[in-house]
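Me: I have a structure open and would like to learn how to read it feature by feature. Could you walk me through it?

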Amino acid sequence: VSLFARRIGGLRALAKGARRERGNFSGGIDLLTAGEIGVILKRDSELATLTEWDVNETFPRLRDDLQANRAAWYVADVLGRMLPPLDPHPRLFDVTIELLRTLGHAGAIEAAMLRFQWILLEETGWQPDLQDPQPDAHTLAFDPQEGLWTSDSGAPGAWRGRRETLVTLQAAATGALEGQDATSVQRANKLLAAHIRNVLGEE
């Protein structure tokens, strides 16, 4: 199993005894669920031993709503790719649980996803610089190599973007997304997803 634990971080473990009738694995281990674990970490191996699993939450909307399901898979994918093993990020863990609870509620996915993506980048040190390079311009550009906003000079490789996208990202960084325009939140999400893809160097 692959797990993201609040106090341990990301880890891979072998669930020994998970199929036994009287084992310490209540509720069964399922994809995209949350629970309490017991684990033995080994100095000489990247594969830990999972000794206990007690399921707490199952997030049923992820099974009923296709958009919510895809969003949750994206979350699992980027967590696995962006975080090194055994590197705890309690704040990111809490935001991930909050997001999984939010997915499936109409109109809430985009804002919750933007908050998650921003904190993921912040926690891993890849957050973009949100300084405004040209306050009187309606259109700006994002330099994906430097991770910052620049004036829209037509430089090769830069991504053109609206001022509203930068303002929405600034709101996400301060946790003040309430009242932000839905279209701008969606554009900001797409930019951060593209930035994450650029950081990883792969789809």
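Me: Let's begin with the open sheet of three strands: what is the order of its strands, and how do they pair?

Reply: Strands of a sheet pair through backbone hydrogen bonds, in either a parallel or an antiparallel way. Here the order is S7-S6-S8, and the pairing is antiparallel. Helices (H or I, at least four residues) and strands (E, at least two) are DSSP runs numbered from the N terminus, and two strands pair if DSSP finds at least two bridges between them. S7 (148–151) and S8 (159–162) are the edge strands, each pairing on one side only. Before we go on, note that this is a predicted model, in which local features need pLDDT of at least 70 and side-chain atom pairs count only at pLDDT 80 or more, while totals for chains, interfaces and linings use all residues. Residues are numbered from 1 along each chain as its sequence is written, and side-chain values use heavy atoms, with hydrogens and water left out.

Me: How many bridges join S6 to S8?

Reply: Four bridges link S6 (residues 139–143) to S8, and the two run antiparallel.

Me: Which helices lie across S6, S7 and S8?

Reply: H5 (residues 163–174) does, running at about 75° to S8. H6 also lies across these strands, at about 155° to S8. Such angles run from 0 to 180 degrees between N-to-C directions, with axes being lines fitted to C-alpha atoms, for helices over the stretch in contact.

Me: How do I read the crossing of H4 and H6?

Reply: Look at distance, angle and hand. The axes of H4 (residues 109–124) and H6 (residues 182–200) come within 9 Å and cross at roughly 35°. H4 passes H6 in a left-handed crossing, meaning that the near helix is turned anticlockwise from the far one by less than a right angle; clockwise would be right-handed.

Me: Which residues meet there?

Reply: From H4 they include Met113, Leu114, Trp118 and Leu121, and from H6 they include Val185, Leu192 and Ile196. Contact means heavy atoms within 4.5 Å. The residues of this contact divide into eleven nonpolar, four polar and one charged. In that count, Ala, Val, Leu, Ile, Met, Phe, Trp, Tyr, Cys and Pro are nonpolar, Asp, Glu, Lys and Arg are charged, and the others, Gly among them, are polar.

Me: Which residues of H4 are buried?

Reply: An α-helix has 3.6 residues a turn, so residues three or four places apart point the same way. The buried residues of H4 include Ile109, Ala112, Met113, Phe116 and Ile119. Buried means under 20% relative accessible area, exposed over 50%, and partly exposed in between (1.4 Å probe, protein chains only). The buried residues of H4 pack against H2, H3, H5 and H6.

Me: What covers the buried residues of H3?

Reply: Leu92, Phe93 and Val95 are among the buried residues of H3. Their cover includes S1 (2–5), S4 (34–40), S5 (47–57), H1 (61–64), H2 (66–82) and H4.

Me: How do S1 and S2 pair?

Reply: They run antiparallel, joined by four bridges, and form a hairpin with three residues between them. Ser2 stands opposite Arg12 in S2. S2 also pairs with S5, in the parallel sense over three bridges, where Leu47 is the bridge partner of Arg12.

Me: How many helices and strands does the protein chain have?

Reply: The protein chain has six helices and eight strands. Of its 203 residues, 37% count as buried.
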